[in-house]
Amino acid sequence: MYRYFGEQDTLYRDQITSSGGFFDDSINTFYKEMTIGETQYLFVGLDYGASDAELAWANEIVSARPNHKVIVTTHAYMYRDGTT
């Protein structure tokens with residue numbers, strides 16, 4: 001993935017107002033804030049099988065931005081039986 005997209009991709013760079021990662025500039029677990037039109041968005045990407053520490057970090061990021069519409073993506077969060 002890093003070979004194709006780098007540490008942080010540059011898509012929509014001019015609209016990103018803030019960004020960060022759980023592991024510095026990692027694209028495995030990250031957030032990006034963006035304003036499109038008059039709507040504030042928060043994109044949170046979680047790593048495959050995100051750890052409790054990563055989930056706590058993401059919760060802090062989301063909780064600190066109550067006026068944002070939040071979109072969370074991840075590769076896998078739950079097993080078929082509903083456990084995490």
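This is a predicted model: local features need pLDDT of at least 70, side-chain atom pairs count only at pLDDT 80 or more; totals for chains, interfaces and linings use all residues.

Student: How far apart are the end C-alpha atoms of helix H2?
Tutor: Helix H2 covers residues 52-63, which is 12 residues.

Student: Within what arc do the buried residues of H2 fall, seen down its axis?
Tutor: The buried residues of H2 are Glu-54, Trp-57, Ala-58 and Ile-61. An α-helix has 3.6 residues a turn, so residues three or four places apart point the same way. Asp-52 and Glu-60 are exposed, on the other side of H2. The buried residues line one face of the helix because they fall within an arc of 100 degrees.

Student: Which residue forms a salt bridge with Glu-33?
Tutor: Side chains of opposite charge can pair when their charged atoms come close. One salt bridge is found in the whole structure. Glu-33 lies in strand E2 and its partner in the loop between H2 and strand E4, so the pair ties together parts 32 residues apart in sequence. The closest N and O atoms are 3.1 Å apart, and the partner of Glu-33 is Arg-65.

Student: Is Arg-65 buried or exposed?
Tutor: Arg-65 sits in the loop between H2 and E4. A polar atom of its side chain lies 2.9 Å from the backbone oxygen of Ile-61. The relative accessible area of Arg-65 is 16%, under the 20% cut-off, so Arg-65 is buried.

Key:
Residues are numbered from 1 along each chain as its sequence is written. Side-chain values use heavy atoms; hydrogens and water are left out. Helices (H or I, at least four residues) and strands (E, at least two) are DSSP runs, numbered from the N terminus. The expected span of a helix is 1.5 Å times one less than its number of residues. Buried means under 20% relative accessible area, exposed over 50%, partly exposed in between (1.4 Å probe, protein chains only). The arc is that of the directions from the helix axis to the C-beta atoms. A salt bridge is a side-chain nitrogen of Lys or Arg within 4 Å of a carboxyl oxygen of Asp or Glu. A polar contact is a pair of N or O atoms within 3.5 Å; within protein, one must be able to donate a hydrogen and the other to accept it, and residues adjacent in sequence count only if both atoms are side-chain atoms.
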